[in-house]
Amino acid sequence: MPATDTSVRASIVVDAPIERAFAVFTDGIETWWPPEHHILQADLAGMTFEPRAGGQVYDRGVDGSECRWARVLAYEPPDRVVFSWDINTQWQVETDRDKTSEVEVRFVSEGTDRTRVELEHRKLDRHGDGWEQVRGAVGSDDGWAVGLRRFAAAARAT
């Protein structure tokens, strides 16, 4: 039986220097993250990406609620960031760290004003039964692809 790919990979070239691309992806996450991709019960007021290993990524609702859905595992500006995906197959926060996947994003300079961004969402099988649907969702045109297109536009506009 062939091995099942437990990762989704995507990449995009953005018209921005590597430092700006990294900053927009992390500090500027709310400028590009698709607004429909949140699991808060309330409307979204903002997003925070804490810029350090050990930090968290979380959404804030207009009602003051928070949804902490990722942990920053590596923070190496302007080259690399890794964060957990603490969202289960039911699109709810997963508290068991053994059942979370991770996202690694690498930034590669292709000149003074161009950066290639390579994203790998890996270890998706750790989500358990139904993980293939998570892989399908994040790997679809409405998953990381739409996020990276919005990111490229935000990085270019900044």
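The dialogue below walks through several features of a predicted model, from its core to its loops.

User: Where should I begin with the largest nonpolar core, and which residues touch the most other members?

Analyst: The general idea is that, in soluble globular proteins, nonpolar side chains tend to be buried together. In this predicted model, the largest nonpolar core has 39 residues, and those that touch the most other members are Phe-25, Trp-69, Phe-107 and Phe-151. Helix α3, which covers residues 144-157, gives the most to this core, with six residues.

User: Is Phe-25 buried or exposed, and with which residues is Phe-25 in contact beyond its neighbours within four places in sequence?

Analyst: Burial is read from relative accessible area, where under 20% counts as buried. Phe-25 has a relative accessibility of 0%, and therefore counts as buried. Once the neighbours within four places in sequence are left aside, Phe-25 is in contact with Trp-32, Val-81, Phe-83, Val-105, Phe-107, Leu-119, Leu-148 and Phe-151.

User: How many aromatic pairs are found in the whole structure, and why is the pair of Phe-25 and Trp-32 called tilted?

Analyst: A search of the whole structure finds 13 aromatic pairs. For Phe-25 and Trp-32, the ring centres are 4.8 Å apart and the planes stand at 35°; because planes under 30 degrees apart count as stacked and those over 60 as edge-to-face, the rest are tilted, and this pair is tilted. Trp-32 is also buried, at a relative accessible area of 0%. Ring pairs link both residues into a cluster whose members include Phe-22, Trp-33, Phe-49, Trp-69, Phe-107 and Phe-151.

User: Which residues of α3 are buried, and what covers them?

Analyst: A helix can be read first by its span and then by its buried residues. With 14 residues, α3 reaches 20 Å from its first C-alpha to its last, close to the 20 Å expected at 1.5 Å a residue. Its buried residues are Trp-144, Val-146, Gly-147, Leu-148, Phe-151, Ala-152, Ala-154 and Ala-155, and what covers them includes β1 (8-14), α1 (18-25), β5, β6 (101-109), β7 (115-122) and α2 (131-138).

User: Which backbone features in the loops deserve a separate reading?

Analyst: One is a cis peptide bond between Pro-77 and Pro-78, where omega is about 0°; Pro-78 has its place in the loop between β4 and β5. Another is Trp-91, which has a positive phi of about 60° although it is not a glycine, and which lies in the loop between β5 and β6. Trp-91 counts as partly exposed, at 34% relative accessibility. Lys-123, likewise not a glycine, has a positive phi of about 60°; its place is in the loop between β7 and α2, and Lys-123 is partly exposed with a relative accessible area of 35%.

Technical notes
Residues numbered from 1 in each chain as written. Predicted model: local features only at pLDDT ≥ 70, side-chain atom pairs only at ≥ 80, totals over all residues. Heavy atoms only, no water. Core = buried A, V, L, I, M, F, W, Y, C linked by side-chain atoms within 4.5 Å. Buried < 20%, exposed > 50% of the residue type's maximum accessible area, 1.4 Å probe, protein only. Helix = DSSP H or I, 4+ residues; strand = E, 2+ residues; numbered from the N terminus. Contact = heavy atoms within 4.5 Å. Phe/Tyr/Trp six-rings, centres within 6.5 Å; stacked < 30°, edge-to-face > 60°. Expected span 1.5 Å × (residues − 1).
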